[in-house]
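Okay, thanks everyone, I'll keep this brief. Let me put the structure up, and then we'll walk through a few spots together.

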Amino acid sequence: MTTIRQRRVGKGTEAAEDQPSEETNVKPDGKVPPDPSGGKLWNILSITVGGIVAISLGLLTSVYVATLHENDLWFSNIKEVEREISFRTECGLYYSYYKQMIQAASIQQGLHGLVYDNKTESVRTINILERMNVYQEVFLSILYRILPIQQYLEPVYFYIYTLFGLQAVYVIALYVTSWLLSGTWLSGLLAACWYITNRVDTTRVEFTIPLRENWALPFFAVQVAAITYLLRTHLQPAQEKLTLMAIFIATFLFSLTWQFNQFMMLIQALALFILDCLDMLPTAKVTWLYIIQISGLLLVCVLQFFNSMILGSLLISFNVSVLIARTVQKNLKKGGLLNRLGKLILHVLLVLCLTLLINKFIKKILNLESDEHIFKFLKAKFGFGATRDFDANLYLCEEAFGLLPLNTFSRLSSTLLFYIYGFVLFLLTVAAVIVAFRNLSGSNQVQLKEKMEEYTVTLKPDAAYSLVHTVLFGCLALSTMRMKYLWTSHMCVFASFGLCSTEVWKLILKCLHLYTSQRTQVIKYSIPIITLLYISFKFWPGIMDELSELREFYDPDTVELMNWIKSNTPNTAVFAGSMQLLAGVKLCTGRTLTNHPHYEDKNLRERTKQIYQIYAKRAPAEVHGILRSFGTDYVILEDSICYERRHSRGCRLRDLLDVANGHIMDGLGENEPDLKPSLYPRFCEEIKKDLPSYTMHFTRVFQNKTFHVYKLAKHK
């Protein structure tokens, strides 16, 4: 439907920051420490230069993605309706609330329209602030109204520039995380360069601007950076309190801006739980992180008018269960290897059972079913029985929710990122296994401690957290392609940290019996610099070509449809159609919808399945009755769905509807034995023949090469 066509014309190194670690006061070479005043001055200079580089890279990334967006769509030249259509699917829905707040007579009236919304779902009044994560749109719209910028900056540019500006925050957070882990800002520089050169796999902000993850992931990166700093040793009490506050703020903002926050933080909580059980993190700090996650999510719950999906989240149940189980098992970290393993197994089982019981109890009390489609999808995805559930199959058939394609790894390898990441991951995983075994065994033998010292140095708490974090989010990305952006960005951090880490190179050289302090320092700086030079020479020409390629937005059929709706239908008209298209209808025309792409509501999912009967094999009177029950005045049929070829047989929308309705699918191929032929032809095909049985209920009022709009008869 929407296409992009060609536009028509009218070095150095720096000293490592003094990173507190287990080696702070160790002088293995027996040398006299350098003059402290000179070292302090050098560290201040290093931090200053590193900070300037971080900010510069962040701003350059922001300008880079903004330029790509402009060059790809010619955004500054196209009409407003074309700009709005470019916000595809759910992006258009979210942006419509920003537009609604901007156009409201006052801020109070705009907020009232969101709290008592009757245009997003026909014949229903819903609270948008409770159902959707749109506080960022509310905040931006209020900011735009009160700042004296209306004469200089259009609302749409204020919106997209904010998102592109958040990319600067994202890159700076990744840079700082890598710097904290390795002790050198050269690592942060390498992480930022990898993020930019692997842009296809690290972000999609330039073409899905309002997507919730583009708001949330920068705050998640800030939270991870703050956790990395918190896990360093020798923090002063004031530093620790400030860091905990930063973690809480970042966690709160992350939770406020994305509906899937609870699932991402659950994985983070699992990482903390694993490391705490293996005695690789300070228990007190882990407890604070559990509490921050719970409190941040509960605060969001309050702001979202006590959203039941948040209260029934697995994250809250899991974190509460861990805290309860830890209180019950007070001597979890005492005893020998077998004793500790037994306690650990019991502890894991106790936490798992408590989590399921608490979660089931909360959902029973609240009668919560908002997230059941996610668990149905996961059950079917991982092979726990086939399903005919329409919602689960809708996700299973989308490429974004499938396995991570293998060509992702070839792209990541072309920048050397995946090779270095795999090497560092293997090395630190081996170190983690050995350290975990030693911690569980509780051995006090001096000889063993000396033998394992090198492993201990390379796996400080912050590095251990980064390791488990990348492993768990890697598993998520491998299973669900849409979540790869959580993994690939941290992959840049993890690989650059390993390449620039003194402890990692010290371990490698000691294993090869080649270790000297001078050799370690030379390798630590020379290899990252060589890598940076390789990336620059190989990818700089491609980036310049990309920035010089000019295209323009081109979707005349959708533009024609939106203009027709605005000119030929009343403002109160109710439209039915596909979720993706209706989001654009709301944004471009302000008309009332029957359904929309924000799928986290059981009633909406059932409603959507009913509306989609326009693409099933149903009688015209039945379809008319269904549509009128939702107050529909007009229905939009899309040839791209009715005659879909993008998916294979069994995954086309019409196939999913046929199976859910108990009908055999179209085309050659097998059908399940209990499926039967339908008594009626496919509605979206047959209605175009203008047969009397159809024209008595539906009148064609608009059509072009892509869309067909029918007005419904209002029978008594």
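This is a predicted model: local features need pLDDT of at least 70, side-chain atom pairs count only at pLDDT 80 or more; totals for chains, interfaces and linings use all residues.

L45 has 46% relative accessibility, so it counts as partly exposed; the exposed class needs over 50%.

Okay, now to the inside. Rolling a probe the size of a water molecule over the atoms shows where empty space is left. Here, the largest cavity holds about 120 Å³ of space. Which residues lie nearest its centre? Those are L174, F220, A221, S489 and H490, out of 13 lining residues. If you want to trace the lining by element, look at α7 (155-182), α10 (212-230) and α23 (484-500), the ones that give two or more residues each. Of the elements, α23 gives the most, with five residues.

And what is the lining like by class? We get nine nonpolar residues and four polar ones, and no charged residues turn up there.

Last stop: I249, over in helix α11, residues 237-257. Buried or exposed, or something in between? With 41% relative accessibility, I249 lands in the partly exposed class. One more thing on I249: its C-alpha sits 8.8 Å from that of F219, and the two residues are 30 apart along the chain.

Key
Residues are numbered from 1 along each chain as its sequence is written. Side-chain values use heavy atoms; hydrogens and water are left out. Buried means under 20% relative accessible area, exposed over 50%, partly exposed in between (1.4 Å probe, protein chains only). On a 1 Å grid over the protein atoms alone, a cavity is a set of points where a 1.4 Å probe fits but cannot get out, and a pocket is an open set with protein on both sides within 12 Å along at least five of seven lines; lining residues have an atom within 4 Å of a point. Grid points are joined across faces, edges and corners, and a volume is the space filled by probe spheres set on the points. Helices (H or I, at least four residues) and strands (E, at least two) are DSSP runs, numbered from the N terminus. Ala, Val, Leu, Ile, Met, Phe, Trp, Tyr, Cys and Pro count as nonpolar, Asp, Glu, Lys and Arg as charged, and the others, Gly among them, as polar.
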